[in-house]
Amino acid sequence: MKITFFRAMPVIISLSIAMHVKAQPGDADISGDRPRVGLALGGGGARGAAHIGVLRELERLRIPIDAIAGTSMGAVVGGLYASGMTPDELQQLIESLDWADAFTDQSKREQRSYRRKQDDAAFPIPLELGLRDGSLRLPRGLIQGQKLSLILRAQLLHVYDVDDFDDLPTPFRAVASDIETGDAYTLSHGDIELAIRASMSAPGIFSPVVVDGHMLVDGGLVGNVPVSVVREMDVDIIIAVDVEFPLYPPEQLQSALAITEQMLTILIRKETRRELSSLRDADILIRPDLGDYGSTNFQDIAQTIAPGAAATIAIEDRLKKLSVSEDEYREFLVARRRPPGPPATIDFIRVIDDGHPADRFLTARIRTEPGDAIDASRFADEAGYLFGMERYEQASYRLIKEADATGVEFETRSKSWGPNFLKFGISIEDDFEGSTAFNVAVRMTRTAINSRGAEWRTDLQIGTNPRLATEFYQPLGRGSRFFIAPRISFEQSNINTFSGDTSFARYRIGEIEAGLDFGRELGRWGEFRLGAFRGSGNARLKVGDPALPNFNFDAGGARAQLALDTFDDAQIPKSGTKINVEWLISRPGFGADSNFDIVESAIETAWSWKQNTLRFGLEYATTIQSDDLVQNFFPLGGFLRLSGLERGAISGPHLGLARIIYYRQVGETGGGLFDIPLYFGGSVEAGNVWQFRSDISLDSMLVNGSLFAGLDTYLGPLFLAAGFSEGGSTSFYLFLGAPQR
């Protein structure tokens with residue numbers, strides 16, 4: 001760090017005095033001065049929470065900390081403490097955080113746009129690949145740091161107007177690594193939240209953070225215990241805290257993963273030894289005894305605080321030499337008091353976007369207005385909604401001060417692996433009796449087409465139900481919620497036909513359709529569409545009497561659809577409601593063979609208490625003025641759709657289904673980074689299909705049920721289920737992925 005002559009003079013004078021006057025233990029020196037104490041807090045993942053125990057004991061001993069430098073988790077604890085937080089507040093924060101959630105980028109479903117909700121319902125695999133210039137691209141890290149950024153931002157809101165980290169209650173430095181040059185990079189000014197996050201961005205896990213043109217990652221690569229950095233902050237004595245993970249003993253080096261971890265630890269420890277070797281006789285090293293506590297064990301992170309305190313107490317006699325009197329320490333605490341923070345309200349709003357769509361498009365999505373109260377949770381929700389559009393690897397906010405006005409600035413950074421994205425889905429259903437449905441699907445979404453937020457979405461599915469569909473979605477103006485959507489699709493499916501209660505034929509239906517929709521977004525939770533379509537298809541007999549005819553058909557008409565979705569999870573919801581209502585009219589004037597209407601409606605809602613969830617659903621579909629068009633039959637049967645019957649066992653022009661589903665989440669999933677929730681549950685279902693509307697009655701309903709166990713896996717929900725029908729028949733299911741309906 002460069003020190004001007006005038007700034008250095010007080011240090012030179014103090015050192016000169018210190019050479020002639022010896023301070024007594026427990027007091028400031030006789031001249032009224034005291035040695036300046038700097039704290040170097042090392043990285044170590046979850047082990048770094050031990051720093052909180054160290055800080056608490058240093059405060060108990062009345063040892064003023066004049067400067068802090070931190071690396072990785074040391075930068076998190078050190079930066080928050082430097083901003084004015086107390087050890088008690090830090091402990092409360094780490095104990096209250098849902099770390100498993102903080103280390104994911106998955107936005108709350110309520111924050112996603114309706115189109116993104118459609119994506120995760122049909123394509124549950126969270127993997128997203130980019131496609132540009134004909135080549136596949138990957139994100140620069142498994143985690144972009146979206147949620148962690150918002151958590152840090154909320155905790156640091158009171159120092160929003162601090163640009164020079166020397167102006168914090170305690171001067172602070174964060175140490176990161178420049179991934180382009182391999183050099184250490186010290187962050188001493190700018191956005192403190194960005195500085196902390198850069199220091200802890202473990203390469204490959206977190207995406208690099210770009211600051212002033214430098215691509216920065218975790219500082220542990222070049223200086224895990226930043227002794228040299230805090231030395232440059234005009235301190236006389238350094239207290240260094242090392243929480244690195246120890247080397248594995250030979251008996252634990254039994255896998256490639258363990259060997260790789262050992263290699264990384266050795267590389268980091270090499271730099272740590274170099275830093276610690278620069279400690280002088282008057283400096284103090286604290287090494288909490290954390291044993292083999294895992295650096296990724298954030299679930300029990302508070303357990304590391306006590307060892308930090310114990311290690312500090314163990315060298316209390318040396319530390320007491322740095323103590324000051326109660327009055328002096330009281331004055332010191334007053335000087336580092338937490339700043340008052342921002343004013344009560346904001347004066348202006350600004351949106352900065354680095355690409356398409358235009359700022360105006362994004363501004364229209366922001367609900368906050370000038371004059372509103374400054375509320376970190378509300379700003380985080382706004383940023384979360386922008387992030388929920390899933391076009392950005394980061395959507396953040398910060399308070400800014402211009403002249404006498406205070407505003408909030410939302411900033412989005414486009415995904416580096418975009419602007420075209422691939423999402424994937426898989427669906428497997430097997431009844432253990434030879435009937436298997438298997439589909440693999442991919443969706444390509446092209447974004448950044450124009451400044452109005454247009455996107456082009458194309459689906460390809462192969463397997464039991466092949467499908468190819470494409471839609472161009474064009475908002476009618478910047479910020480407009482009205483849109484037009486031309487589309488075209490081709491798909492195939494199987495339909496069983498019946499004579500009485502006996503299946504007598506299976507047809508393979510293929511249909512191609514083109515349409516144009518006009519619609520409106522309904523906030524984040526739905527949309528309404530009205531459109532016209534034209535299509536044609538064929539039905540080919542696959543199973544049944546060869547005398548049954550194959551046939552072709554033409555389709556054409558208009559369609560109105562209302563779709564709402566407030567589920568908190570697309571596959572295993574615990575709260576919310578999902579509604580879909582569709583009215584289709586087929587008319588010869590549009591090119592159709594027949595004149596008829598189809599009405600389909602479905603509603604499902606979920607409630608939860610503790611780890612229990614209850615879902616209730618109703619579904620009704622009917623064909624008006626036609627009872628014999630096989631291509632328009634509604635299938636029923638399969639898991640949770642009359643579970644005692646095989647998938648699609650019955651079909652007809654009229655359908656009704658009611659079901660109650662109960663499941664309970666087993667075990668805790670609060671802190672592990674690789675939690676896979678386990679569920680046990682059951683269902684009661686009643687429904688049927690009918691050839692004629694006049695046949696519909698409660699007496700004709702079939703009652704079925706199921707018992708199941710499920711896992712919420714990376715590929716989607718995995719269920720093993722047994723289905724039962726009132727006639728005594730039983731079906732067993734292995735089900736993976738998004739359900740086919």
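Which residues is E471 in contact with, leaving aside its neighbours within four places in sequence? I found R115, E455, W456, R457, A485, P486, R487 and R529, where contact means heavy atoms within 4.5 Å.

Ground rules: this is a predicted model, so local features need pLDDT of at least 70, side-chain atom pairs count only at pLDDT 80 or more, and totals for chains, interfaces and linings use all residues. Residues are numbered from 1 along each chain as its sequence is written, and side-chain values use heavy atoms, with hydrogens and water left out.

E471, continued. I placed E471 in strand 19, residues 467-475 (strands are DSSP E runs of at least two residues, numbered from the N terminus). E471 is buried, at a relative accessible area of 10% (buried is under 20%, exposed over 50%, partly exposed in between, with a 1.4 Å probe and protein chains only). I also noted a polar contact of 3.1 Å between the side chains of E471 and R115 (N or O atoms within 3.5 Å, one able to donate a hydrogen and the other to accept it).

F490. I found F490 in strand 20, and F490 is partly exposed because its relative accessible area is 34%.

Domains. I have the chain divided into domain 1 (37-105 + 146-336), domain 2 (345-414) and domain 3 (420-737); the bounds come from an automatic or database domain assignment. The C-alpha centres of domain 1 and domain 3 lie 51 Å apart.

Key: Helices (H or I, at least four residues) and strands (E, at least two) are DSSP runs, numbered from the N terminus.
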